[in-house]
Amino acid sequence: MTTLTEATGEAAARETPARRRRRRVDHLPYLLLLPCLAIIAVLLLWPLGQVVWMSFHKLDSVRQLRGDREWPWVGLANYAQILGDPFFRTVLRNTVLFALANVALTMILGTLVGLLLNRLGKKMATFVASCVMLAWATPALTGTIVWKWIFDDTSGLVTWLFNKLPDGLSTALFGRSDWTGYGWFNDPLMFFAILTLVVVWHSFPFIAVSVLAGLKSVPTELQEAARVDGAGPWKVFWSVTFPVLRPVFGILVVLSTIWDFKVFTQQFVLAGGTQDRSTFMLSIYSYAEAFSPPPKYGLGSAIAVILTVILLVVTALYVRMVLRQEDE
Amino acid sequence: MNRWKRLAPVTAIVASAALVLTACGGSGDDDKAADNSKLTVWMMGEGGDAQTKFLDSVEAEFKKKHPETDVVVQYIPWLEAPKKFQAALAGGEGPDVTELGNTETQGWAAQEALADVSDKFNGWSEGKDILPDLVKNAQLDGKQYGVPWYAGVRAVYYRTDWFAEAGVKPPTNWDEMVAAAKAVQAKKPGTYGIALPGNSELPFYSFLWGAGAEIATKDGDSWKSGYNTPEAQKAVKFWTDLVTVHKVAPPAAAGWNEVDARTQFATGKAAMAFAGSWQGGAMKKDNPDIEKVWGTFPIPGPDGKPAPAFAGGSDIAIWKDSERAALAWDYMTVLLSKQKDKEFASSLGFFPVYQDLVSSGDYANDKVMAAFATAIQNTKLTPLTPKWVEVSRTKTVTQAMNSSVIKGQKTVEKATADAATEMESILNAK
């Protein structure tokens with residue numbers, strides 16, 4: 001903080017009186033940001049630093065957290081242990097593939113719904129937007145519990161629907177006609193498919209509404225002109241709408257990536273806790289290592305740091321890409 | 001306009017100061033003095049009128065000796081307990097006395113959450129009659145960290161009406177069990193012969209021990225898993241065959257825990273389920289009529305003898321950070337006295353922990369409790385090491401082994417070998 005003031009002081013000294021006066025007014029935004037920064041520092045930066053610090057120690061007793069016991073420094077041993085564990089590769093693969101699939105599906109579905117909303121009349125658009133926003137407004141925990149019931153193996157809606165299929169058709173397609181007692185979450189692939197459904201359902205409304213907001217700012221003349229020139233909807237989207245909304249899509253992809261990399265609630269509820277290790281992803285892996293007895297806070301912190309670093313790298317790449325496209 | 005611009009920074013500073021001050025507020029608790037006016041007791045579960053009334057009577061008795069102390073009871077849901085304990089331990093504000101599941105006592109003792117009560121326990125005459133397996137289960141490195149409060153074992157609940165319709169009797173060995181399940185399932189289409197808790201370990205251990213295998217044995221300094229023995233493989237094969245070969249339980253059973261499974265039984269979808277005597281109340285809540293048509297029998301071994309059962313239950317311990325350990329112990333001796341113990345255990349459907357009370361005729365002649373009274377005569381424990389909780393709860397080695405066979409991901413040989421390797425690497429980790 002002190003270096004910052006010194007630096008601005010020096011800069012100010014070199015400037016002409018007229019510019020200095022303008023400079024003084026420019027302090028205002030920083031002052032207004034101060035309360036926010038202070039809160040972020042206390043609630044976010046401090047714990048973040050703490051997690052990084054913890055990841056370099058062997059912490060397996062709650063008493064160490066309290067300061068009753070020493071924190072033995074282990075350097076990078078926690079990281080070495082995680083990265084050397086073949087299980088980490090499974091977890092990383094799960095996380096990356098899941099995030100890729102979910103970002104793609106969320107973006108596609110969200111954009112389609114956004115385009116639809118843009119074309120609908122006022123009343124219908126309000127109706128559809130409200131319905132869509134309900135999914136966004138449902139708390140992750142509540143929503144996921146309902147989804148879990150929908151896939152219940154005895155009384156779930158999906159089980160009931162599949163049981164309603166004509167026996168011959170069901171047997172021909174899936175090799176079974178009685179679905180009561182079918183374990184929907186047994187197979188990891190099936191588990192991830194349901195998890196994807198739940199996560200996409202939760203997150204596409206935000207994309208849809210953001211895309212809609214972007215579309216509203218695009219002058220309709222552009223699209224009309226393209227249409228008059230004989231472009232189909234596909235062509236109009238890729239040649240007119242998408243280039244104009246590119247910054248919006250950039251931001252949305254970054255946000256979705258961050259959200260989908262750290263999905264926790266939905267997975268925790270659907271899997272019924274931390275039992276199903278074959279479907280672990282980084283966030284639940286970190287949680288399970290840190291807090292399941294016996295606790296391993298150091299190891300859990302190291303996994304959390306790895307997850308954060310991956311996210312930072314992904315985000316940095318995207319931001320660079322978006323900025324470069326802006327320059328073109 | 002100009003005046004506003006000049007005022008703005010002031011406003012910003014005042015606002016930020018106010019925000020920071022409010023954010024820092026609310027941490028003014030400073031009552032450190034070890035006063036004896038209050039004894040905090042944590043109890044597991046949801047409580048209920050019966051338990052409140054019982055604990056009130058314990059407090060009244062305790063107050064005869066300590067009239068100045070109020071007992072404050074707080075209920076902690078079972079699943080919340082580990083988080084609550086960690087938070088209490090990290091923050092330094094815990095209870096004085098706490099109940100805890102007897103599979104968790106060693107783990108929390110290793111975390112230095114519980115006080116060593118060896119001397120107090122050894123000097124307490126009634127404690128000598130407590131079932132030795134339960135006492136051992138609350139020890140770590142030869143020191144006593146908890147005192148058993150009540151005990152429970154699992155048995156099989158079955159539908160007496162369906163068994164009668166199918167013309168089968170309660171089975172006494174494995175083959176009869178499969179035959180009975182098949183017979184009932186044939187008679188009652190759309191139901192399962194056995195509600196198998198494929199994702200639970202404790203009922204399975206009865207089959208493992210019944211087949212003559214051990215979970216793990218200590219050889220000098222290192223643990224050796226018993227899972228890669230032919231006996232263990234026989235048990236895993238029987239357990240998983242119920243789904244894959246005999247089809248008396250559905251594939252979804254791979255993900256069922258004990259509550260899922262017993263709900264199938266309570267709601268009339270299964271003919272048999274593994275459950276403890278204390279779970280009868282929950283089943284009656286699901287379906288009040290189930291009581292009229294249920295019976296129990298001990299989990300059979302392969303050869304006709306009842307299989308050993310896991311000695312489950314609850315311990316009472318003194319929180320290590322408590323500054324009122326002597327007071328806490330006085331409360332415990334009232335709570336755990338033979339007379340109070342019998343009173344309370346019976347009201348919950350558990351057994352008291354005292355040898356002489358368990359073997360009394362009261363239980364052997366009860367229609368439902370008789371099977372449990374037989375089972376509790378022959379109990380076994382999971383490996384006595386604080387690392388066991390990682391095998392059991394975190395890595396769920398046994399559950400994963402059984403599930404992977406039920407789901408068809410591994411053969412019995414591969415699953416047992418993998419589980420043995422993983423178990424040994426956890427138990428022998430430095």
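Two strands are said to pair if DSSP finds at least two bridges between them. Helices (H or I, at least four residues) and strands (E, at least two) are DSSP runs, numbered from the N terminus. The structure is a predicted model, in which local features need pLDDT of at least 70 and side-chain atom pairs count only at pLDDT 80 or more, while totals for chains, interfaces and linings use all residues. Residues are numbered from 1 along each chain as its sequence is written, and chains are lettered from A and ligands numbered from 1 in the order in which they are written.

Chain B contains 21 helices and 16 strands. Its C-alpha atoms fill a box of roughly 90 × 65 × 50 Å, taken along the principal axes. A residue is called buried if 20 or more other C-beta atoms lie within 10 Å of its own, exposed if 12 or fewer, and partly exposed in between, with C-beta atoms placed from the backbone. Of the 430 residues of chain B, 47% count as buried.

One open sheet of chain B has four strands in the order 8-11-7-12, with mixed pairing. Strand 8 (192-195) and strand 12 (294-297) of chain B stand at the edges of this sheet, and each has a single partner strand, so one side of each is left without a neighbour in the sheet. Neighbouring strands of this sheet are turned by 25° against each other on average, direction ignored. Such angles refer to axes, which are lines fitted to C-alpha atoms, for helices over the stretch in contact, and they run from 0 to 180 degrees between N-to-C directions. Within the sheet, strand 7 (residues 154-159) and strand 11 (residues 270-276) of chain B run antiparallel and are joined by five bridges. Arg154(B) has Gly276(B), in strand 11 of chain B, as its bridge partner.

Another open sheet of chain B has six strands in the order 2-1-3-14-6-15, also with mixed pairing. Its edges are strand 2 (70-76) and strand 15 (351-352) of chain B; each has a single partner strand, so one side of each is left without a neighbour in the sheet. Strand 14 (residues 312-318) of chain B is mostly covered, with seven of its seven residues buried. Strand 14 of chain B pairs in the antiparallel sense with strand 3 (residues 97-101) of chain B over five bridges, and Glu99(B) stands opposite Ile316(B) of strand 14 of chain B. Strand 6 of chain B also runs antiparallel to strand 14 of chain B, and five bridges join them. In strand 14 of chain B, Asp315(B) stands opposite Pro148(B). Strand 6 (residues 147-152) of chain B pairs with strand 15 of chain B as well, in the antiparallel sense over two bridges, and here Tyr150(B) stands opposite Pro352(B) in strand 15.

Two loop residues of chain B have backbone angles of note. Asp141(B) has a positive phi of about 50° although it is not a glycine. Asp141(B) is placed in the loop between strand 4 (139-140) and strand 5 (143-144) of chain B, and it counts as exposed because it has 12 C-beta neighbours inside 10 Å. Lys247(B), also a residue other than glycine, has a positive phi near 55°. Lys247(B) is found in the loop between helix 10 (230-244) and helix 11 (258-266) of chain B. With 16 C-beta neighbours inside 10 Å, Lys247(B) counts as partly exposed.

In chain A, the domain assignment gives domain 1 (1-54) and domain 2 (78-327); such bounds come from an automatic or database domain assignment. The C-alpha centres of domain 1 and domain 2 of chain A lie 37 Å apart.

Two packed helices are described by the angle between their axes and the distance between the axes. Helix 5 (residues 86-119) and helix 12 (residues 233-261) of chain A pack at an angle of about 140°, with their axes 9 Å apart. That angle makes helix 5 of chain A oblique to helix 12 of chain A; angles under 35 degrees count as roughly parallel, over 145 as roughly antiparallel, 65 to 115 as roughly perpendicular and the rest as oblique.

Helix 6 (residues 122-137) of chain A has 16 residues and reaches 22 Å from its first C-alpha to its last, close to the 22 Å expected at 1.5 Å a residue. The expected span of a helix is 1.5 Å times one less than its number of residues. Of the 16 residues of helix 6 of chain A, the number buried is one, so this helix lies largely in the open.
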